[in-house]
Amino acid sequence: MRATLLGAATLQPLGADARGDRLQEAIAAFEQRGFVIRREHPRCAEPQLFGLYVRGRREVVVCPKGNQLETLLHEGWHGVQSLCLRGTPLVGSDALLRQLGRRDRRELQLLYRPNQWQREAEARVMAREPLGRYLEALDRACAAPAPQAPKAD
């Protein structure tokens, strides 16, 4: 299993209702693409753990705390990195550095080994993308066509 800690500093200001609606939309989008999203896991009891990607499976755990939407997108991107990109970065190091703030760069330096930096930085950057752009990148990376909207009867 792969666990990722997301600090409170990465939270985006959204009202609870808007964040909840966007979270449900994102969960549905992941499920349409064959991911299983779990809302509970024994490791959620760890105070600094907001979620995790279950390595080798299309499974993401989003603990019921913090910015759950950002956690889903971050951990979901780890799934994309592992299952679809097979460790090949989608975003180059220079682009990541331009998109990460000083605090993110500092956290990455303190919390992750150098060989994990690119992967973690990319997951942080992707988690902040608008959902539509994120899903387009996911579909491109996984070479899966975007799901069709249900047809009205």
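Helices H2 and H5 lie oblique to each other, a word kept for angles that are not under 35 degrees (roughly parallel), over 145 (roughly antiparallel) or 65 to 115 (roughly perpendicular). This is a predicted model, in which local features need pLDDT of at least 70, side-chain atom pairs count only at pLDDT 80 or more, and totals for chains, interfaces and linings use all residues. Residues are numbered from 1 along each chain as its sequence is written, and side-chain values use heavy atoms, with hydrogens and water left out.

Select residues 68-83 for H2 and residues 117-127 for H5, whose axes come within 8 Å and cross at roughly 130°; helices here are DSSP runs of H or I with at least four residues, and strands are runs of E with at least two. Axes are lines fitted to C-alpha atoms, for helices over the stretch in contact, with angles from 0 to 180 degrees between N-to-C directions.

Next, show the side chains where the two helices meet, contact meaning heavy atoms within 4.5 Å: H2 brings residues including Leu73, Trp77 and Gln81, and H5 residues including Arg119, Ala123 and Met126.

Now select cysteine 44 and cysteine 63, which form a disulfide with sulfur atoms 2.1 Å apart, the cut-off for such a pair being within 2.5 Å. Cysteine 44 sits in the loop between strand E2 (36-38) and strand E3 (51-54), and cysteine 63 in the loop between E4 and H2.

Finally, colour by pLDDT, the predictor's confidence in each residue from 0 to 100: the protein's mean is 85, while residues 1-15 stay under 50.
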